[in-house]
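Q: Could we go through this assembly together, starting with how the contacts between chains are defined?

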Amino acid sequence: MNIIFYIAAIVAFVATVMVVTRKNAVHALLYLIVSLLAVSVIFFISGAPFVAALEVIVYAGAILVLFVFAIMMLNLGANSGKEESKLLKPNAWITPAILSLILLCELVYVFINYDGASVELRVIGPQEVSQSLFGGYMLAVELTGMLLMAGVVGAYHIGKEKKREYHRYLQTNENS
Amino acid sequence: MLSNVRTLWMVFLKIFKKKVTIQYPEKKAYLPPRWRGRIILSRDPDHNERCVACYLCAAACPVDCISLQATEDENGRRYPEFFRINFSRCIFCGLCEDACPTYAIQLTPDFEMGEYNRQNLVYEKEDLLIDGMGKYHGYSFYQQAGVAVGVKPKGGGEKEDPPVDVRTLLP
Amino acid sequence: MNEILVQILIIVGVLLGTVTIAAGLIYVERKMLAVWQQRSGPNRVGPFGIFQVLADMVKIFFKEDWIPPFVDKKVFIIAPTIIMLSILMSFSIVPFAPGIVIADLNIGLLFFLAMSSLGAYTIVLAGWASNNKYSLLGGMRGAAQMISYEVFMGLSLMGVVIQVGSFNMTDIVNAQKGLWFVVPQFVGFVIFLIAGVAETHRLPFDLPEAESELIAGFHSEYSGMKFGMFFVGEYLGITLVSCMITILFFGGWLGPSFLPPIVWFLIKMFAFILFFVLLRAALARPRYDQLMSFGWKLLLPLALLNVLITGAVVLSNA
């Protein structure tokens, strides 16, 4: 199991690095999908099969398809690659890199000072997940639901067909 | 929605219907006599070529697949020196048959003329000419009209009167 | 050691079995379409034309596998493999008979949904990588259609899950010993059937390929074995959805004991495969906006109502 964990972790790491460095947006998204799949494998072997499945269904299966969909619609030409390479200049990535470095240092510090007590590994099924969702985290779930509802209403409002205004001489044509 | 279910059911019931396919190379489908297939040149009842090389078929052909050259025999009767149809161009529209004043060129109910070599689809006069009269039995152009070119004397056709002798007073 | 051997045998058997069935479906579909259209179908290669499958496979293997110069080469090659992979992975959770299952996951149904949602990529990526207007249109249609119908597919299954109280496929089959779920979950069954057709983008919902308007849509540029993968992937998808319908709504391997369980499973599965072929023979393709509004305005409320009522009934019985 440890071997699978390390393989998945390495795949996730390499894929994420590739996501950042690719110039072609669709290729970057493909690597992001691979990264998400690797993370879901990690979830699965660390005892959270439900979360692993949801990760694949929701993130890899739905949200990233929409990402790819949107990028397909944008019809990025050959010029976008050049513009992308402008973004890879130091002043663009130096701040996020420093922030990530701080996080990495923290992680390494935690790992070094880890006292070695093994975390108890047990499988958490769908029942437990839903019980905690609609039990302890009720408020958060409801708030998220409200946010999503607002999103749906907003999308409906934007997507609604506009009523066309005609000059009064043309209104009879509209009715016929 | 219900109409879709009804369609499904009706299509399902087709299992019990007889097949309409005709297994072609073993069984042949019935082709009506006026089917527009391979083009032939026919002969009249006297076994002469009907074609008078008037070029109307070549003019009518929308794809220009007919080419011929007119010539005359010793009696002055016109006939094609060569008559060539390029069947790799022919669209079997039947306009040549419509245009022909002598019923010489006719389309027949035959379509099995596949070839491996495209050049073999160019039919010469000897390939086109048949021994029979095709669809129009007993018809002879020169018996109906035309000048005397050795087939009949002047005014000797089926619906012709003998020529009037202008040098006599007798009725 | 013996157990591992049995496991490997099952894996190989399921893999070979499903791929063989999918290949055989090429013949079955052509023949049944012919029967329903009063034709003869393939009847030249071997007795009743049964070697048509072999002839088709030989043809597809020896065709030139051409990659057009204007495509995005990597994505172009990856796209057709995704559908084969995702659907073959889904077969690993299908219990064909008691004990004959590769991985009896406790989240089996979710695994199936996850894999079928990954199947959407094959169309999107193939359409995008082909770098061709028609393919792109097909890919866009495919993405929208598959994401939409995944929603109803998942929701229609929730009724079954609520009644069983488990995502495990074996549990779901065992819970149907008294009564098949097609009776209490008829609405769910109908929605799953429609969503299944849309997920495998079969006729009448083959809008991503739509020969008459998009000249084969997302796979216009594909040839040879890569096209063959789309082809076999589609048949594998039909087989998978038929298996899922059998398991979820028609009691899987359950049946009178004069036949072995696996035979019952296969009989039910083939009945649904034939139904899919009948759908293709009978129904016309809807317009694209009709497909979407049918999904979101009719199937979604129905599926939600189904979940609501099932949940209420189960709660009141508990």
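A: A polar contact is a pair of N or O atoms within 3.5 Å; within protein, one must be able to donate a hydrogen and the other to accept it, and residues adjacent in sequence count only if both atoms are side-chain atoms. Across the interface of chain C and chain A, that rule finds 3 residue pairs in polar contact (both at pLDDT 80 or more).

Q: What should I know about the model and the numbering?
A: This is a predicted model, in which local features need pLDDT of at least 70 and side-chain atom pairs count only at pLDDT 80 or more, while totals for chains, interfaces and linings use all residues. Residues are numbered from 1 along each chain as its sequence is written, chains are lettered from A and ligands numbered from 1 in the order in which they are written, and side-chain values use heavy atoms, with hydrogens and water left out.

Q: Which chains have the most contacts between them?
A: Among the 2 pairs of chains that touch, chains A and C have the most contacts (heavy atoms within 4.5 Å). Chain A and chain B do not touch, and their nearest C-alpha atoms are 27 Å apart.

Q: How much area do chain C and chain A bury between them?
A: About 2,100 Å², with 81% of it on carbon and sulfur atoms. Buried area here is the accessible area (1.4 Å probe) that two parts lose on being put together, summed over both. The contact takes 24 residues from chain C and 25 residues from chain A.

Q: How many salt bridges are there between chain C and chain A?
A: The count is 0 salt bridges, the criterion being a side-chain nitrogen of Lys or Arg within 4 Å of a carboxyl oxygen of Asp or Glu.

Q: Which elements of chain C give two or more residues to the side that touches chain A?
A: They are helix H4 (108-129) and helix H5 (133-164) of chain C; helices are DSSP runs (H or I, at least four residues) and strands are E runs of at least two, numbered from the N terminus. H4(C) supplies the largest share of that side, 10 residues. By class, the side of chain C that touches chain A has 18 nonpolar, 4 polar and 2 charged residues. Ala, Val, Leu, Ile, Met, Phe, Trp, Tyr, Cys and Pro count as nonpolar, Asp, Glu, Lys and Arg as charged, and the others, Gly among them, as polar.

Q: And what is the area buried between chain B and chain C?
A: It is about 1,400 Å², of which carbon and sulfur atoms give 61%. In chain B, Leu8(B), Val11(B) and Lys19(B) lose the most area to chain C, together 36% of what that side buries. The contact takes 16 residues from chain B and 14 residues from chain C.

Q: Which residue forms a salt bridge with Arg44(C)?
A: Glu26(B) does, with the closest N and O atoms 3.1 Å apart. The count between chain B and chain C is 1 salt bridge, and there are 7 residue pairs in polar contact (both at pLDDT 80 or more). The side of chain B that touches chain C has 7 nonpolar, 4 polar and 5 charged residues.

Q: Changing topic: is Arg202(C) buried or exposed?
A: Arg202(C) is buried, with a relative accessible area of 0%; buried means under 20%, exposed over 50%, and partly exposed in between (1.4 Å probe, protein chains only). Arg202(C) lies in the loop between helix H7 (186-199) and helix H8 (211-214) of chain C. The residues that Arg202(C) touches, not counting those up to four places away in sequence, include Glu29(C), Glu234(C), Tyr235(C) and Phe276(C).

Q: Finally, how many helices and strands does chain A have?
A: Chain A has 8 helices and 0 strands.
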